[in-house]
Amino acid sequence: MQNNLLIDFGEIFSNLWNSMGMAQGTWQNYVMLLISFVLMFLAIVKKYEPMLLLPIAFGMFLINLPGAENVLWGTYEEGVEHTYENTQNRGLLWYLYYGVDKVIYPPLIFLGIGAMTDFGPLIANPKSMLIGAGAQVGIFLALFGAVLLGFDMVVAAAIAIIGGADGPTAIMVSKILAENLLPIIAIAAYSYMALIPAIQKPVMRLLTTKKERAIRMRPLRQVSKVEKVIFPVAVTLIVGLLLPDAIPLLGMLMLGNLFRVSGVVERLSSQAQNGLVNTITIFLGIAVGCKAKGEIFLDYHTLLVLVIGIVAFYCGTIGGLLVAKVMCKLSGGKINPLIGSAGVSAVPMAARISEDVGRETDPQNHLLMHAMGPNVAGVIGSALAAGILLSFFG
């Protein structure tokens with residue numbers, strides 16, 4: 001009788017232990033938990049784009065809690081490959097990830113970005129498009145770099161889009177060209193976007209002189225409402241005729257901006273730039289973070305993708321700065337080269353960095369509106385680059 005009782009208690013404790021997360025954890029889980037803590041620290045304490053980084057970091061934290069995956073994501077049949085489609089008894093994260101898997105979130109994010117963004121600085125200074133184009137060099141250098149490192153050309157194209165500094169664009173391109181790398185590419189794109197202050201500022205100081213950083217630019221001309229209304233319609237028409245693959249993102253970007261500038265749909269504009277984009281940002285951040293599982297993330301090829309991505313970010317920043325420096329010389333010193341770093345797509349983060357670095361040299365020098373021109377051009381440029389990659393490799 002006593003032996004049976006001991007056996008029963010032994011089975012109870014064994015079952016209890018096996019049900020605990022601690023019994024199911026791997027070293028990869030714990031490494032990813034530490035990484036999630038670092039990202040949360042950067043978001044909360046350092047304030048590195050917390051609206052992006054905090055939900056990503058917490059999604060990463062949740063999915064790497066040992067034993068939590070089956071509850072949060074769902075279960076799989078024994079012997080069946082773990083894919084989005086094969087998930088059974090679906091959990092909360094499965095439903096949140098639906099918008100990533102079906103490429104619903106990226107166009108909606110672009111709708112909100114369009115509603116929040118003033119295209120006036122770009123319209124007032126069309127030469128900003130040259131800086132935005134120059135900043136896309138990171139994408140194409142990353143493409144060739146990935147091929148040289150042994151990646152297939154189509155997969156390399158998906159990896160290269162990280163250099164556009166645009167999360168929604170990265171999700172859309174990687175979903176179509178290299179779905180298996182979508183979580184890694186999305187995490188890389190959004191994480192590097194959030195870390196733009198740490199990435200860009202040292203390069204900006206290195207490639208510009210104190211004299212260049214102190215250049216004060218003349219105020220931009222006033223842009224009429226007619227110009228602002230015509231611009232999104234004209235851009236959508238031209239791009240749609242030439243590069244239809246870019247329309248899902250660019251079309252939503254321009255529709256959001258048309259909401260903003262038309263003046264007749266203020267409620268739609270307000271919803272797009274507030275409630276809608278905030279909700280989608282939460283869902284997207286958690287969904288992206290929840291794919292950063294230790295056993296997938298801590299892999300040689302994954303780490304190689306992350307390295308290519310950050311190099312592409314640096315190359316994009318350098319490309320924009322160099323174009324702006326050339327424009328500075330040609331204009332006789334009227335253009336501050338710092339606005340070149342804003343040519344990457346991360347709007348308005350990159351434009352704020354141009355303002356911050358400029359004010360380090362001259363506290364009265366305000367570059368934000370001048371930097372918004374290249375920044376908006378970068379958004380359009382990354383969408384066009386995505387369309388080019390999809391038309392070639394999709």
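Contact means that heavy atoms lie within 4.5 Å of each other. Among contacts in the protein chain between residues at least 6 apart in sequence, 73% join residues at least 24 apart. The structure is a predicted model, in which local features need pLDDT of at least 70 and side-chain atom pairs count only at pLDDT 80 or more, while totals for chains, interfaces and linings use all residues. Residues are numbered from 1 along each chain as its sequence is written, and side-chain values use heavy atoms, with hydrogens and water left out.

**Figure 1. The whole protein chain.**
The secondary structure consists of 21 helices and zero strands; helices (H or I, at least four residues) and strands (E, at least two) are DSSP runs, numbered from the N terminus. Along the principal axes, the C-alpha atoms fill a box of roughly 95 × 45 × 40 Å. Of the 394 residues, 53% are buried. Buried means under 20% relative accessible area, exposed means over 50%, and partly exposed lies in between (1.4 Å probe, protein chains only).

**Figure 2. Surface and charges.**
The protein chain exposes about 18,000 Å², and carbon and sulfur atoms supply 66% of this area. Accessible areas come from the Shrake-Rupley method with a 1.4 Å probe; for residues, only the protein chains shown count as cover. There are 25 positive and 23 negative side chains, and the centres of the two sets lie 19 Å apart. Lys and Arg count as positive and Asp and Glu as negative, without His and the chain ends. Each charge is placed at NZ of Lys, CZ of Arg, CG of Asp or CD of Glu.

**Figure 3. The largest nonpolar core, around Ile185.**
A nonpolar core is a set of buried Ala, Val, Leu, Ile, Met, Phe, Trp, Tyr and Cys residues joined through side-chain atoms within 4.5 Å. The largest one has 122 residues, and Ile185 and Leu253 have the most contacts inside it. Beyond its neighbours within four places in sequence, isoleucine 185 is in contact with residues that include Ala158, Ile162, Ser174 and Val305.

**Figure 4. Helix H16 and its cover.**
Helix H16 covers residues 247-262, and its buried residues include Leu249, Leu253, Asn257 and Phe259. What covers the buried residues of H16 includes helix H6 (105-116), helix H11 (167-177), helix H15 (225-242), helix H17 (266-289) and helix H21 (368-393). Just after H16, glycine 263 takes a positive phi of about 75 degrees.

**Figure 5. Serine 36 in helix H2.**
Serine 36 lies in helix H2, which runs over residues 27-44. With a relative accessible area of 0%, serine 36 is buried. Not counting residues up to four places away in sequence, serine 36 touches Ala57, Met60 and Phe61.

**Figure 6. The loop between H1 and H2.**
Glycine 25 sits in the loop between helix H1 (2-19) and H2, and threonine 26 is found in the loop between H1 and H2. Glycine 25 is partly exposed at a relative accessible area of 26%, and threonine 26 counts as partly exposed at 32%. Leaving aside neighbours within four places in sequence, glycine 25 is in contact with Tyr30 and Pro66. The C-alpha atoms of glycine 25 and leucine 53 are separated by 24 Å; those of threonine 26 and arginine 205 are separated by 42 Å.

Leucine 237 has its place in helix H15 and counts as exposed because its relative accessibility is 53%. Its C-alpha atom is separated by 30 Å from that of leucine 182, 55 residues apart along the chain. Valine 326 is found in helix H19 (residues 300-330) and is partly exposed, with a relative accessible area of 48%. Valine 326 and proline 337 are 11 residues apart in sequence and 8.4 Å apart in space, C-alpha to C-alpha.

**Figure 7. Backbone angles at two loops.**
Most residues other than glycine have a negative phi, and most peptide bonds are trans. Valine 103 is not a glycine, yet has a positive phi of about 55 degrees. This valine 103 is in the loop between helix H5 (92-101) and H6, and is buried at 18% relative accessibility. A cis peptide bond joins valine 347 and proline 348, with omega about -5 degrees. Proline 348 has its place in the loop between H19 and helix H20 (349-361).
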